[in-house]
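Open the model in your viewer and keep the selection tool at hand. The stops below go from a stretch of chain to a helix and then to the core.

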Amino acid sequence: MHIAILGAGAMGSLFGGLLAVAGHRVTLLDVDDAHLNAINEAGLRLTTDAGERVVANLEALRPEAATTPADLLIVFTKTLHTQAALGAAHAVLGPQTALLSLQNGLGNAERLAQFADPARVMIGVTTWPADKNGPGRVSSHGQGVIRLMSADGAHSPMLSRTVQALNDAGLACSADADVWAAIWEKVAFNSALNSLCAVTGCTVGELTNVPDGEALALKIVAEVAAVAHAHGVAVNEAHVADNVRHALAHHRAHRPSMLQDVIAGRKTEIEAINGAVVEAAGMRAIAVPYTTALLHLVRLVDAKDSV
Ligand code: NAD
């Protein structure tokens with residue numbers, strides 16, 4: 001397959017690199033010129049539990065420089081850059097191009113469907129982690145999975161080919177009709193821990209420095225689960241709460257991506273996470289006071305960084 005990756009940062013480079021190793025034709029599209037130049041000059045340096053390898057059979061371009069339609073476009077920008085990126089990469093989108101988002105947050109299928117036939121949009125969630133370690137260098141440690149589905153729920157040849165390609169790359173992918181519950185469960189987890197750490201500057205473990213920290217995180221999980229249930233999505237609140245407790249106990253030094261964005265002076269994905277939950281809550285007249293307060297607080301932090 002010809003696979004284009006739009007947003008070739010930590011996740012996009014990991015996925016693009018592994019898909020290229022599996023023999024697919026991969027085009028990385030990004031606006032980070034230092035990263036693109038490093039890949040074009042010396043290949044992508046990919047460090048995983050299998051060791052470090054250099055992936056050389058990759059094209060790396062700015063989105064507007066791409067000219068050939070891809071069979072599959074995987075969007076891996078941060079959610080706030082999706083539309084600008086898709087607008088610039090229009091030449092990659094042919095009449096048959098399938099689109100996939102594994103980005104965090106809500107509203108990803110809708111954003112992709114602004115640029116393509118909704119029947120060609122797939123949506124999913126992944127537990128693979130990745131870090132960008134400098135121009136041309138990414139790393140990922142541990143194991144993950146991908147769960148995805150066509151946004152309209154249909155089983156199509158496009159869905160099967162995509163699942164196959166991601167499995168060929170060793171990314172443990174399955175088609176899963178319950179993917180919306182998995183997406184909302186990740187949103188519930190991130191609404192709690194990402195926003196609390198972004199506002200306080202705490203690592204995940206430091207949220208337990210006061211007894212109220214865990215209780216606050218679990219209140220947000222309960223709010224998001226209530227909104228999901230009101231929209232007919234079967235989120236397992238107890239499961240998310242267990243994941244939050246596990247992270248508080250065992251991932252103590254972790255800085256969630258939203259905190260990393262704040263530290264780096266970048267805008268966060270708050271609108272696609274807490275923002276989208278507050279909007280969905282409004283549609284069903286559900287009060288989500290903790291999630292709403294954190295949305296406003298992170299917006300203030302974002303506005304400070306952008307001045
Ligand atoms: P990242 O910041 O490392 O990469 C995003 C890339 O998008 C950057 O290289 C940036 O230069 C590029 N970009 C920005 N604007 C662009 C534009 N207009 N056109 C093309 N490229 C553009 O982010 P990431 O950590 O790879 O995360 C990507 C998405 O995946 C996010 O939604 C995140 O929440 C989600 N996610 C991340 C992880 C992780 O461990 N990193 C895990 C699961 C999901």
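**Stop 1: the annotated stretch**

Select residues 3-148: the chain here is 24% helix and 32% strand, and the end C-alpha atoms lie 17 Å apart. Helices (H or I, at least four residues) and strands (E, at least two) are DSSP runs, numbered from the N terminus. This is a predicted model, in which local features need pLDDT of at least 70 and side-chain atom pairs count only at pLDDT 80 or more, while totals for chains, interfaces and linings use all residues. Residues are numbered from 1 along each chain as its sequence is written, and side-chain values use heavy atoms, leaving out hydrogens and water. An unreviewed UniProt entry places "domain: Ketopantoate reductase N-terminal" at residues 3-148; such annotations may be inferred rather than shown by experiment.

**Stop 2: helix 5**

Next select residues 157-168, helix 5. Buried here (under 20% relative accessible area, 1.4 Å probe, protein chains only) are Met158, Leu159, Thr162, Val163, Ala165 and Leu166. They cover an arc of only 160° around the axis, which puts them on the same side of helix 5; the arc is taken from the directions from the helix axis to the C-beta atoms. Gly170, with a positive phi near 80°, follows helix 5.

**Stop 3: the core**

Now show Phe15, Leu19, Leu73, Ile74, Ile146, Leu166 and Trp184, which have the most contacts inside the largest nonpolar core, a set of 104 residues. Such a core consists of buried Ala, Val, Leu, Ile, Met, Phe, Trp, Tyr and Cys residues joined through side-chain atoms within 4.5 Å. Helix 6 (residues 179-200) gives the most to this core, 12 residues.

Key: The expected span of a helix is 1.5 Å times one less than its number of residues. Buried means under 20% relative accessible area, exposed over 50%, partly exposed in between (1.4 Å probe, protein chains only).
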